[in-house]
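Please look over the structure below before reading the briefing that follows.

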Amino acid sequence: MLYIVGVGRSGSTLLERMLGAVDGSVNAGELNAIFSRVATQDQRCGCGEPFSLCPFWTEVGEHAFGGWSDVTRRMAHLQPRVVRHRHVLRMLTGATASFQRELDEYVDVHERLYRSVAAVSGAEVVVDASKSTAQLFALRRIEGLDLRVVNLVRDSRGVANSWGKTGIRKPQSTDGDMMGTYSAQRVAVLWTALQLESSLLGAAAPYAARVRYEDLVSRPRPTLEQALRSVGLPPAPGDLDHVGERSVTLGPSHGVAGSRTRFTAGQVDLRVDDAWRSALPTGARAVVTAVTLPQLLRYGYVGPGSRTAPARTA
Ligand SMILES: [Zn+2]
């Protein structure tokens, strides 16, 4: 299991699909949404079909649970109780017997889910772009699951700008739902908390990598190659043939949830979305920069020796 942890709107769907296109791997989407949103709302799969009609997920559901309906109902009840941010501490420090039982059940369902995704796809590596640290804490309890972690980080000012946009339609929705928005201050706090947690998790994981979104889109091949090496899955010759200098070629996939990149196919030109440099209001930019400064320095986004992406050529 290759698990992507990061803040939303950081390019995780793109990273997930680039990793899923490596020989022997499959990208499954944001699996922490499969019960809560994808199955309950019958959202569209990456293949374009509604979840209930997708042949891949139908087979996975049969293989893992004898069908989706019972387990989806049960998880709709269980997931909000088990995987909440404030429960991370409980998962770490021990729990009440009733919480422990629910956590065990949650973990068991996910183990069956992952094993079935691997069995039905025939892949050795399942890429999960769930992003959440709370979900990652829970997954670590699956014995015998070889879990490797990629922390995807994007300049906090870019993330804040993206979350401030209004009027964006949800890509999987069939009824024209709009994406939510967050204030710059809230994004700054969430971004900082998530990066601190993922640093802790990365330090605890036997294999972990950090990928900067800006490097992924400006130097995709060396960035992916280095990430795969860091997680102990060095690419064989030809494994990254789908990745060009500034583009990537994506085939069909059955990934669920995530951004509109989910439905893109063929050759995709990559370029850094740094619209925040002109679009993010000065006040919001000052707040986000101040709150996230220690990590912006650490990841080389500001300060001496900061590595900014090369200028766009086209
Ligand atoms: Zn599908």
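Of the contacts in the protein with a separation of 6 or more, 75% are between residues 24 or more positions apart. Two residues are in contact if their C-beta atoms, placed from the backbone, lie within 7 Å. This is a predicted model, in which local features need pLDDT of at least 70 and side-chain atom pairs count only at pLDDT 80 or more, while totals for chains, interfaces and linings use all residues. Residues are numbered from 1 along each chain as its sequence is written.

**Overall form**

- The secondary structure comes to 13 helices and 7 strands. Helices (H or I, at least four residues) and strands (E, at least two) are DSSP runs, numbered from the N terminus.
- The C-alpha trace spans about 55 × 45 × 40 Å along its principal axes.
- A compact globule of 314 residues would have a radius of gyration near 20 Å, and the 19 Å of the protein agrees with that. The radius of gyration is taken over C-alpha atoms, and the globule rule is 2.2 Å times the number of residues to the power 0.38.
- Buried residues make up 43% of the 314 residues. A residue is buried if 20 or more other C-beta atoms lie within 10 Å of its own, exposed if 12 or fewer, and partly exposed in between, with C-beta atoms placed from the backbone.

**Two covered helices**

- Helix H1 covers residues 12-20, and 9 of its 9 residues are buried. Among them are Ser12, Thr13, Leu14 and Leu15.
- Helix H8 covers residues 156-163, and 8 of its 8 residues are buried. Among them are Gly158, Val159, Asn161 and Ser162.
- What do the buried residues of H8 pack against? They pack against H9, helix H12 (276-279) and H13.

**How H8 meets H13**

- Two packed helices are described by the angle between their axes and the distance between the axes.
- The axes of H8 and helix H13 (residues 282-298) come within 9 Å and cross at roughly 140 degrees. Axes are lines fitted to C-alpha atoms, for helices over the stretch in contact, and angles run from 0 to 180 degrees between N-to-C directions.
- H8 and H13 are therefore oblique to each other. Angles under 35 degrees count as roughly parallel, over 145 as roughly antiparallel, 65 to 115 as roughly perpendicular and the rest as oblique.
- The crossing of H8 and H13 is right-handed. A crossing is right-handed if the near helix is turned clockwise from the far one by less than a right angle, and left-handed if anticlockwise.
- On the H8 side, Ser156, Arg157 and Ala160 make the contact; on the H13 side, Ala284, Arg285, Val288, Thr289, Thr292 and Leu296 do.
- Sorted by class, the contact of H8 with H13 has 4 nonpolar, 3 polar and 2 charged residues. Ala, Val, Leu, Ile, Met, Phe, Trp, Tyr, Cys and Pro count as nonpolar, Asp, Glu, Lys and Arg as charged, and the others, Gly among them, as polar.
- Ala284 of H13 is buried, with 20 other C-beta atoms within 10 Å. Leaving aside neighbours within four places in sequence, Ala284 is in contact with Ala160 and Ala184.
- Ala284 and Glu143 are 141 residues apart in sequence, and their C-alpha atoms are 44 Å apart.

**How H8 meets H9**

- The axes of H8 and H9 come within 9 Å and cross at roughly 135 degrees. That makes H8 oblique to H9.
- H8 passes H9 in a right-handed crossing.
- Ser156, Val159, Ala160 and Trp163 in H8 meet Ala184, Val187, Ala188 and Trp191 in H9. By class, this contact has 7 nonpolar, 1 polar and no charged residues.

**Residues in loops**

- Tyr182 is in the loop between H8 and helix H9 (184-204). Tyr182 counts as partly exposed, with 17 C-beta neighbours inside 10 Å.
- Leaving aside neighbours within four places in sequence, Tyr182 is in contact with Trp163 and Val187.
- Arg9 sits in the loop between strand E1 (2-6) and H1. Its phi is near 70 degrees, a positive value in a residue other than glycine. Arg9 counts as buried, with 20 C-beta neighbours inside 10 Å.
- Asp42 lies in the loop between helix H2 (34-39) and helix H3 (55-65). Asp42 has a positive phi of about 50 degrees although it is not a glycine. With 15 C-beta neighbours inside 10 Å, Asp42 counts as partly exposed.
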